Amino acid sequence: MQTAAQIPQEVSYLDYKGKYKGIFAWIFSTDHKRISLLYLYSMMTMFTIGVLLGLAMKLELIAPGRTIMGPQSYNAVFTVHGVIMIFMIVIPGLPAVFGNFMLPIMIGAKDVAFPKVNLLSWYFYVLGAILVISSVLFGNGIPDTGWTFYAPYSFKTGTNLLPAIFGAFVLGFSSILTGLNFIVTIHRMRAPGMTWFKMPLFPWSLYGTAWIQLLATPVVGITLVLVALERIFGIGVFDPTLGGDPVLYQHLFWIYSHPAVYVMILPAMGAISEIIPTFSQKHIFGYKAIIASTLAIAFVGYFVWGHHMFTSGMSGTAQYTFSLLTFIVAIPSAIKVFNWISTMHKASINPDIPFLWAVTFIFVFMIGGFSGLVLGALATNVYVHDTAFVVAHFHFIVFGGVGFSFFGAIHYWYPKMFGRMYDKAWAKMGWAFFTVGFLTLYSPMFYLGMMGMPRRYYDYLPEFHAANILSSLGSWVMAFGLLIIVINLFRSAKNGAIAPINPWNGKTLEWTVPSPPPVENFDEIPVYGEKDGPYNY
Amino acid sequence: MENATQHSDPHYDQEASKLGMWLFIFTELLLFGGLFLVYSIYRFLNPEAFRLAGEELNLTIGAINTVILLVSSMTIAMSTSALQKKNKGLTIFLLEVTIMLALIFLINKYFEWGVKFDHGIWPGSQHLINDMSKGEILFFGLYFVMTGLHALHIIVGMIIIIVALNKVQKGTVHADRPSLLENAGLYWHLVDLIWIFLFPLFYLIH
C-alpha cells in the first residue's frame, strides 16, 4: 500500500478548474466529491425547512388548544415536515453525502462506476424537492395526508397532493440510481487485492443499503403512481366505492417503506462501524459478524412491513408472523451494538468529537430499538398504536439513529472533505446541547403516549400539559445545539486550522490521500497486499 | 479484480454497464411486480367479473401485437449480432425494422383503446361506474394502467433505440463499444417480456 508521504501534492477537488466556471463548475461536475457536497448543501436547505416546521409543531403543542395554528395548518405542517425529512433527508442522507464522497476513496477507486448517472440522480433529487415545495406554494391547500399518503384520504382530500406524490416518486428514482451506481461500483471498482472481506464496513453497509433501495423503491413508486391515477381518473384499485381495497395500499406502501427504515439506518450503522475502531485504535470486533448482520437486516427487513398495520385489519396468523419477524430483525442490530461495545473493551479510547457522537448514537439507538420491541409486540402495540409513543420511538430510531450518525460522520470526515479542522470546543458544546435537547424533546413523548395522547392532533387534554411543555423546551435546546454545530462547521471550512492527512490515525484508504483529496483521488490506484486490511492497528 | 485499474481510467467498462442495466431491469420488474400483485389479488377476489370483462378484449389484436413484439425482439437481437460482425448497414436496417414494429404495436394499441373509449369504457367513465360490477371496474382500471404503463415503456424503448441507431450511424457505437446497443436490446427484451405476461393475464385466462 502507498503511504501518504509518497503522494505528490495535486490540485484538490475544491480548487480544481474545469471547463465550467462558477456555479456551473459544481452543478455540471461529475466528480463524486463535488456531487457529495451538492447533496450536502441541498439537504441542509431542506433540513432547515424541516426543522423549522418541527419547531412550529412543538410550539403549537406547548399549550392545549390553539396556540399558533389551527387543525388544518397543523395537519399540513406535519405532512410537509414528514415528506421533507423522510424522502429528502434520512433516506438519501448518508449514502448520498458520505457514500458519494467516501465510497470510491475507501475502496481505492477514482470515481463511482457511472459518474453521469450520479449527477443525474442529484438532478432528480432537486426536481423532487422542487415538486414537493410547489405543492406547498401553489394549488388550493397544502397536502394534509401525512407523509404516508394513506388511501382513501389521499385521493379524497382537496389539497394539492399530486405534486407531492410525484415529488416522492422522483426522489425514489434518485435513490434507485444512487443504489444502482453503488452496487456496480463495489462490484467492479475495488482496488486490486481488496477482496470482499477486506472491504471496510461503511462500503459494506452501503452495499446492503443499495440492494434495498433497488428492490424496494420501485414498489412504492408504482403505489404512488396508482394513488395519483386514482386521484386523476378514479381507476378504483384503492377506492372501496369502486371495489378497491384501501388496506392494500397500506401493504404496498409499507413493503417499501419499512425496508426504507433500513435504507436510513444501515449506512448510519456503517459510519459508526468506522468511527468506533478509529477512536479505539483497535481492530473492529467481529468484522464478519457485522457484515452478516448488515445483510441479515437488509434481507429480513423485507418481511416485517405488516407491523405497521396491526390495527388495520389482518388475520391473526399474519399478525403474529409479522410480530415474530419483527423480533427477529432486532437481533442483527443487537449483534452490531455488542460488537461496537466489544471493540471499545480494553481499548485506549480517544474520546474526540466523532467518538462522542458515536457513543451517543448507541445510547439513543438502543432506546429507540427497545421501544421498537414494545411496538412489535401485539398486545402493547394495540395499546400505544397511533400515540405519541410511536412518534418518540420513530424519532429515537430515525432522527436519533441517522441524525447522531450523520453528525458523527461529518465531524469524522470533515477534515478530509474540507481540508480544515473545526473548532473542537464549539463542536463539543454543540453536541452537548443537541443531545440534552434531543432527550428532553422526545423522552416525554414515551410517557405521553403511554398515558394515551394520540399523535397528529394540534390539541390535547389538559393533563398532558406539563410533559408537553418539557418537550417543547427540549426542541429549543436541540435547535440551539444544531445552530452551534452548523455555524461552527461553516466557519471552520474557511478559517479552521489546516487538517493533516490523517488526523485520527485511521487505517482505511481515505486517510492515505491528501485532505482535501485531489480530483482523481489517487495518483496511483492502491494495491491491497496479503496482510493489508481496513482495521489493522 | 486485477482489471479494476484498467477500467477506471478510460471510464468504459462493458461489464459494469451491463451489470448496471441488469440492476435497472430488476427495478422495472419490481415496478410491474407491484401491479401484477394487485392484479392477482383482485382476480382472486373477483374471478367471475374478471372472466366476463376479459371477453370484451380483442384477442386478435392482442395476438398480433404479441407476434409483433416477439419479432421486434428478434430483430434487435440480430442487430447486435450484425454489429459484432461489423455489418453497420445491416445493424441500422434491423434497428429501423424494430422501431417500425414498435410503432405498429402502438398504432394497434391506439385502435384497441379507441374501441374501448367508443364503448364508453375508460377509467372513471359513467358507463363503467353505473352499469358494471366492481370487479369489472377493477379489471378495466388495471387494464388501462398496466397496458398504458407498458405502452409508455414502448415509447421510452423506442427513444433509446433511436439514440442507439444514431450512435451506430455516427460510429460511436461499434463492435468494440457495443454497450449502448446491447443495453437497448436488454431493455427492449424486458418490454417484450412484460407484454408476454400481460397478454395472457388480460386476454387469455378464462
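Guide: Chain B holds eight helices and zero strands. Helices (H or I, at least four residues) and strands (E, at least two) are DSSP runs, numbered from the N terminus. Along the sequence, chain B reads α-α-α-α-α-α-α-α. This is a predicted model, in which local features need pLDDT of at least 70, side-chain atom pairs count only at pLDDT 80 or more, and totals for chains, interfaces and linings use all residues. Residues are numbered from 1 along each chain as its sequence is written, while chains are lettered from A and ligands numbered from 1 in the order in which they are written.

The C-alpha trace of chain B spans about 65 × 35 × 25 Å along its principal axes. Of the 206 residues in chain B, 37% are buried. A buried residue has 20 or more other C-beta atoms within 10 Å of its own, an exposed one 12 or fewer, and a partly exposed one falls in between; C-beta atoms are placed from the backbone. Take the contacts in chain B between residues at least 6 apart in sequence: 76% of them join residues at least 24 apart. Two residues are in contact if their C-beta atoms, placed from the backbone, lie within 7 Å.

Now look at one pair of helices in chain B. Two packed helices are described by the angle between their axes and the distance between the axes. Helix 2 (residues 14-45) of chain B and helix 8 (residues 179-204) of chain B pack at about 15°, with axes 10 Å apart. Axes are lines fitted to C-alpha atoms, for helices over the stretch in contact, and angles run from 0 to 180 degrees between N-to-C directions. Helix 2 of chain B and helix 8 of chain B are therefore roughly parallel. Angles under 35 degrees count as roughly parallel, over 145 as roughly antiparallel, 65 to 115 as roughly perpendicular and the rest as oblique.

The crossing of helix 2 of chain B with helix 8 of chain B is right-handed. A crossing is right-handed if the near helix is turned clockwise from the far one by less than a right angle, and left-handed if anticlockwise. From helix 2 of chain B, the contact residues include Met21(B), Ile25(B), Phe32(B) and Phe36(B). Helix 8 of chain B brings residues including Leu186(B), Leu190(B), Ile194(B) and Phe197(B). By class, this contact has ten nonpolar, four polar and three charged residues. Ala, Val, Leu, Ile, Met, Phe, Trp, Tyr, Cys and Pro count as nonpolar, Asp, Glu, Lys and Arg as charged, and the others, Gly among them, as polar.

Chain B also touches chain A. That contact takes 31 residues from chain B and 34 residues from chain A. On the chain A side, helix 7 (162-188), helix 8 (201-232) and helix 9 (246-280) of chain A each give two or more residues. Helix 8 of chain A gives the largest share, eight residues. The chain A side divides into 23 nonpolar, eight polar and three charged residues.

One residue is worth a stop here. Val219(A) sits in helix 8 of chain A. Val219(A) is buried, because 26 other C-beta atoms lie within 10 Å. Leaving aside neighbours within four places in sequence, Val219(A) is in contact with Leu252(A), Ile255(A), Tyr256(A), Leu30(B) and Gly34(B).
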